[in-house]
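Morning, everyone. Please have the sequence and the model open while I talk.

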Amino acid sequence: MMELVRSGEEPEVPVLAFDAISRVYGDGAKAVRALGPVSFEVQHGELIAIMGPSGSGKTTLLALAGALDEPSEGQVSVAGRDLAGLSAKELSEMRRRVIGFVFQDLNLLPGLTALENVALPLELDGASLQEARREAREALERVELSSLAGRFPDDLSGGEQQRVAIARAFVGPRALLLADEPTGALDSVTGELVMRLLRAQCDAGRTAVLVTHDAAHAAWADRVLFLRDGRLIDEAADGALSVSRGGSGS
Amino acid sequence: MTTALRALIRVELRQLRRHPGRSWLVILLVAVPVAAIVGGTTLLSITRATVEEQKTRAMGRADLRVIAEDADGVRAARALLPSDARVAELRGGRAHVSVPGRRLAARVQVVRPGALEAGGLAEGLLVVESGRAPVAARELALAPVLLAGLERAVGETVMLGENEYEISGVVVDPEKLDLPLVLCGDAPDDVPLRTHLLVGALSDAAAIAGRLRTDDRRVVERAAVGGQDGFEELVIFVIGGLGLLEAAFVIAAAFAVGLRRRQREIGLLQSTGASGGGIRVAMVTSAGALALVGGALGTAVGTAVAAALHPFLDGWNGRRNGVFETSAIHVASAVALGVVVALAAALWPARTATRLPVRVALSGRRPVTAGSGRWLMTGLVAIGAGIVSVLIGARGGNTTAGTLLLAGSVLGVIGFGLSSPWILDQLARRATGLPLAWRLAVRDAGRFRARNGPVVTAVLAGMSVSVTVAALLASIRTLPEFERSMMRDDWLIVEGAGAGEVSRALAEELEALARAPLAATHARGAPIVARYSSPDSDSDATQQSWVASASEGLLAALDAEDGAGVLAAGGALALSVDGAAEVVELVTGTGRVLETLALERFEANLTHRGPRMVVAPRDGLEAGPPPGSELVPWVVRLEAPVTPAVLERARVLAAGVPGTTVDADLLHRSPTRGFYRVVLLVCFATGLVVLVVATALSSVESASEARILATVGATPALLRGHLAARTGYLALLGCVLAIPAGMIPAAGLILMAPVPLALTVPWTEVLITVVGLPATAYGGAWLLAALRCPAPAGLRD
């Protein structure tokens, strides 16, 4: 598996590329087009926000990007590899080494401590327990939670849980984070903290795709893609949104 | 019923329809034990002789049966009977019936035809099934087994003794259909017979019986014959009840999982004004409704199975069974038991779900699991109470002993079950170093300990039965009696109507070393026993054993030819009898010493089927069976131990003569092993059913966590391993706890045993229990998970 954190003067390969992607659920008269056709690319170090009303296809897009679902038409590439051509085993490997997920809730396995949750992808990838935990501890330090490493998720606040999830999403060599409303269940201050962490990770060379309803959080992104009825209707570059980072959005 | 309650019950009943899988699970969990109870008690009542049938079997229609033996005895007995008493003579003996080329041993009964007819004193003792009862001097009726063996039919002739008879009909003993029976109207000239008198129309049978006994006559009174203590029904209800207890834990777990998923809905109901009590009543009512359906289904299945088996019962148990009928009391009791168990199982989860604060319920978050310490304390108290109950029952020796033992066993199982949440919690805290799949399994089990505790309890309840049986059998096997084999390994024993004929054919075909009848010696119809001082130092203690009259063939069969000299000198040959005894007394059944002989010990393999003592034929002692005894088995000694191939050949030969069977040591090795295997298999099956259900329930609840695992890149193999580890872990804990839980009743039973037994831990069976079920559960769950691996999907939009 290739190294995805940008280094040197390598040719630019998009971390994530959607090429005429559509997703249709059901058949015949009952068919519902949830997404598409949609095409876009996400480059190294970018933080992309996807906004749109409920039912616009944001989560479908994220599921396709993370190989949790298969498109009806088109091609999804992650790190230059067409996901459609990968076996179940290779997709698992992709999720262990390339793609990290953060959801609004149900992010962490309640049976594992914060440290074990973060170490999980490495452990699954065959790293020794000591090595996995060492890297996980470093990841927790980056999100300023190393002091809570031994706690179980039920003993953490919502914000702490999301920070642990972000640490897990970026632990090891993984460079693409897919976040589905990661601040949806958090208060504004904690939400800001989570967004600051995401921004910092992207500034350090990682890549993130964020689904959000909140324009204030979208303002942290390099680009914002607007979805409606499954189609991209607009795109705003960094600074185009009329909000400041940390301010109220519109 | 209030409007609110009606509304809540409507909600619950709709839930049953919305979740048909869970509803059917509860229905089946109730239905299976109820079906077992209803079917078992129905079959039992059909196959077991009623009190009246037992009386008829022994007495016909008579009030008294007097054993008169011979003509003098008949005269003396008749003299003591009232002049208006009805009397019928019933004479019996042994003889051979033959046709050219075939000769079968048979039991001869002589009854006047009128006595067998309706209203006759012998009515029901024997039944003429076709043709007619013999009336002429040279007529007889034969049992089907003899007709088949002799290849004869009604109207043809056979030889009884030295005379030719015509077959007038087919006769059977309704309680023993395969008995080789010959019914004659008149006594055959050359068959020695013993006479019984059937006496009826007595105004005071007890007083007359007393008078006869005073005159040293043996008398059987109708009032004293037969009886049922209901023990078999109790055993069926106990086994079915244990099945329902096991089902209760699974039902409780199923309700707990269902109510956890409905947590927000319950919060919503409460937020709209429904009371917790009302919701509880509605939930328990729905459980009761399911149990009623389960009870009805179980009753229908149990009855249908019993009805389907009914036509075959006569062939299986060799008696004329009763008509098909079910007991309303048994059915009602079984259904009531099922309903009560389901209500009790639903009550606790319903209580837990409705006591949750509305705010917590509406949040949908998992409520904080209560500490498990109090469960441990309660469990330890239950275990202690169980041990005390078993000890009191074991030492009591009264009729309540069984009840106390059962109560103690159940308390022990419940006690260990109650302790299991604490154990799950403690093990979860120490899982850090385990491989990922097992770490998650152990931690999950600890988190969901309130739900997994009943699953562990259900597994341990089932497996503890196998541990109890294994411990009991292991303890029994330590008895010296068990060290003795049933027979020599080079023996074939032929039994039944054609034993002599088949053994002769076998001896010729297999070139046997010896062939002889295994018959006790007797004197004037009474069996003789050998009495000698006990092998231990207590000279007052004596032992008795049956004694055979020696023949050349018997000595050769016993591998005791070298003892012929002892017998020729008039002594008695003791086979491997240790001790200081120098003499042996030959004693009649009444204790009269016939003779005292010098005792010579001879090293030979002592067996259960062979005699312990052999004496030479002498005046006053008769070889062969005493009148009225069972058919004589014949032993055939081969040059080498009997192999399965030889045994099969012998069985083929025996099959040519109906009613004849062959036995060998091969068939008796570890006779208890087969019983243990059946018990183990049943326990395994129930344990696996519990685990499959538990796995399915936990999979539903843990689906979201499986998805998280998938999103971080867990391979399908790890997801399968996780599911399998969870199942295997619960099975392992249940099986480990089953060992002490099973040893409690085993210890009680051993204390109650009529012979001193030492409690023996069956290590092999323990290993089978601890490894077998968990490994099977792990493998089964792994395979099932391979069929339905959780997919990483289901995000919101």
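This is a predicted model: local features need pLDDT of at least 70, side-chain atom pairs count only at pLDDT 80 or more; totals for chains, interfaces and linings use all residues.

Chain B has an average pLDDT of 82, and 89% of its residues reach at least 70.

Now the make-up of the chain. Chain B contains 26 helices and 22 strands. It has 797 residues, of which 51% are buried. Take the contacts in chain B between residues at least 6 apart in sequence: 81% of them join residues at least 24 apart.

B:T41 sits in helix α2, which covers residues 20–47 of chain B. Is B:T41 buried or exposed? Its relative accessibility is 2%, so B:T41 counts as buried. A polar atom of its side chain lies 2.8 Å from the backbone oxygen of B:I37, and the backbone oxygen of B:V38 lies 3.1 Å from a polar atom of that side chain. Leaving out residues up to four places away in sequence, B:T41 touches B:I236, B:F237 and B:H330.

B:T354 belongs to helix α12, residues 328–354 of chain B. B:T354 is buried too, because its relative accessible area is 5% and the cut-off for buried is under 20%. Which side chain does the side chain of B:T354 meet in a polar contact? That of B:R280, at 2.8 Å. A polar atom of the B:T354 side chain also lies 2.8 Å from the backbone oxygen of B:A350. Beyond four places in sequence, the residues B:T354 touches are B:Q270, B:G276, B:I279, B:R280 and B:M283.

On to salt bridges. Over all chains the structure holds 38. One of them joins the side chains of A:R133 and A:E116, at 3.2 Å from N to O. A:R133 is in helix α4 of chain A and A:E116 in helix α3 of chain A, so this pair ties together parts that are 17 residues apart in sequence. A:R133 is buried at 18% relative accessible area, and A:E116 is buried at 3%.

Another pair is A:R199 and A:D203, with the closest N and O atoms 2.9 Å apart. These two are separated by about one helical turn, because they are four residues apart in helix α6 of chain A. A:R199 is buried, at 8%, whereas A:D203 is exposed, at 57%.

Last, the interface. Here 24 residues of chain B are in contact with 32 residues of chain A. The two chains bury about 2,500 Å² between them, and 60% of that is on carbon and sulfur atoms. How many salt bridges are counted between chain B and chain A? Three. One of the salt bridges has the side chain of A:E116 meeting that of B:R443, at 2.6 Å from N to O. On the side of chain B that touches chain A, the elements giving two or more residues are α16, α24 and α25 of chain B. The residues on that side divide into 12 nonpolar, five polar and seven charged.

That is everything from me.

How values were computed: Residues are numbered from 1 along each chain as its sequence is written. Chains are lettered from A and ligands numbered from 1 in the order in which they are written. Side-chain values use heavy atoms; hydrogens and water are left out. Contact means heavy atoms within 4.5 Å. Buried area is the accessible area (1.4 Å probe) that two parts lose on being put together, summed over both. A salt bridge is a side-chain nitrogen of Lys or Arg within 4 Å of a carboxyl oxygen of Asp or Glu. Ala, Val, Leu, Ile, Met, Phe, Trp, Tyr, Cys and Pro count as nonpolar, Asp, Glu, Lys and Arg as charged, and the others, Gly among them, as polar. Buried means under 20% relative accessible area, exposed over 50%, partly exposed in between (1.4 Å probe, protein chains only). A polar contact is a pair of N or O atoms within 3.5 Å; within protein, one must be able to donate a hydrogen and the other to accept it, and residues adjacent in sequence count only if both atoms are side-chain atoms. pLDDT is the predictor's confidence in each residue, from 0 to 100.
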